[in-house]
Structures are given as C-alpha cells and as structure tokens.
Amino acid sequence: MKALIETMVAPLVDHPEDIQVTVKEDEEKLTYHLTVHQEDVGKVIGKNGRIAKAVRTVVYAAGSDETKRIYLDIM
C-alpha cells in the first residue's frame, strides 16, 4: 500500500524525494501518514481537496480486502 501511495503522489509534486509514508497500526485500523515537502502540500490536496479525495478513494478501494479499516492522513 505504501508503494501505491508513493506512486500516485510522486508525479504531482516537485520534490518526489521528500515523500514519506509511515504506517500506524491499531486493533481496528491502519493509518497511513503521507508527508510531502512544504511547497507540495497544496498540490497533493488540490482545489477543494479533490486530489486528496481521489487518492483516498483509490487507497480505500485497494485496501477493501483487508479486515482493518484504512485511513490516509496528509501532513
């Protein structure tokens, strides 16, 4: 899942080397924390959050076979 997130976000940003995805696992959920360069935050979120919503939709669909709920936080 980390590779999927990095692959989707890399073409959107100017500093792809600064992309970091960390995972926090709880009993009921998996939380992926996406961190990008300060200048690229707006590009990943997009107007009215459209790009962020699209990325989350793909991640949630890819993880639908997991028993735990998946969340994506953009920092």
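A residue counts as exposed when its relative accessible area is over 50%, and as buried when that area is under 20%. Keep both terms in mind for this predicted model.

Start with helix α3. Its exposed residues Arg-50, Lys-53 and Ala-61 lie on the face turned away from the buried side. Buried in α3 are Ala-52, Val-55 and Val-59. These three sit on the same side of α3, because they cover an arc of only 65° around the axis. An α-helix has 3.6 residues a turn, so residues three or four places apart point the same way. What covers the buried residues of α3? The cover includes α1, α2 and β3. The length of α3 also agrees with expectation: its 13 residues should span 18 Å at 1.5 Å a residue, and its end C-alpha atoms are 18 Å apart.

Now turn to strand β3, residues 69-74. Ile-70, Leu-72 and Ile-74 form its covered face. Arg-69, Tyr-71 and Asp-73 form the uncovered one. In a regular strand the side chains alternate between the two faces of the sheet. Strand β3 pairs with β2 in the parallel sense, over six bridges. Across this pairing, Tyr-32 stands opposite Leu-72.

Next comes the largest nonpolar core, with 16 residues. Ile-5, Val-9 and Leu-34 touch the most other members. Helices α1 and α3 and strands β2 and β3 each give two or more residues to this core. Beyond its neighbours within four places in sequence, Val-9 contacts Ile-19, Leu-34, Val-36 and Val-44.

Finally, look at Asp-40, in the loop between β2 and α2. Is Asp-40 buried or exposed? Its relative accessibility is 0%, so Asp-40 counts as buried. Leaving aside neighbours within four places in sequence, Asp-40 contacts Val-13, Asp-14 and His-15.

Methods
Residues numbered from 1 in each chain as written. Predicted model: local features only at pLDDT ≥ 70, side-chain atom pairs only at ≥ 80, totals over all residues. Heavy atoms only, no water. Buried < 20%, exposed > 50% of the residue type's maximum accessible area, 1.4 Å probe, protein only. Helix = DSSP H or I, 4+ residues; strand = E, 2+ residues; numbered from the N terminus. Pairing = 2+ DSSP bridges. Core = buried A, V, L, I, M, F, W, Y, C linked by side-chain atoms within 4.5 Å. Contact = heavy atoms within 4.5 Å. Expected span 1.5 Å × (residues − 1). Arc of directions from axis to C-beta.
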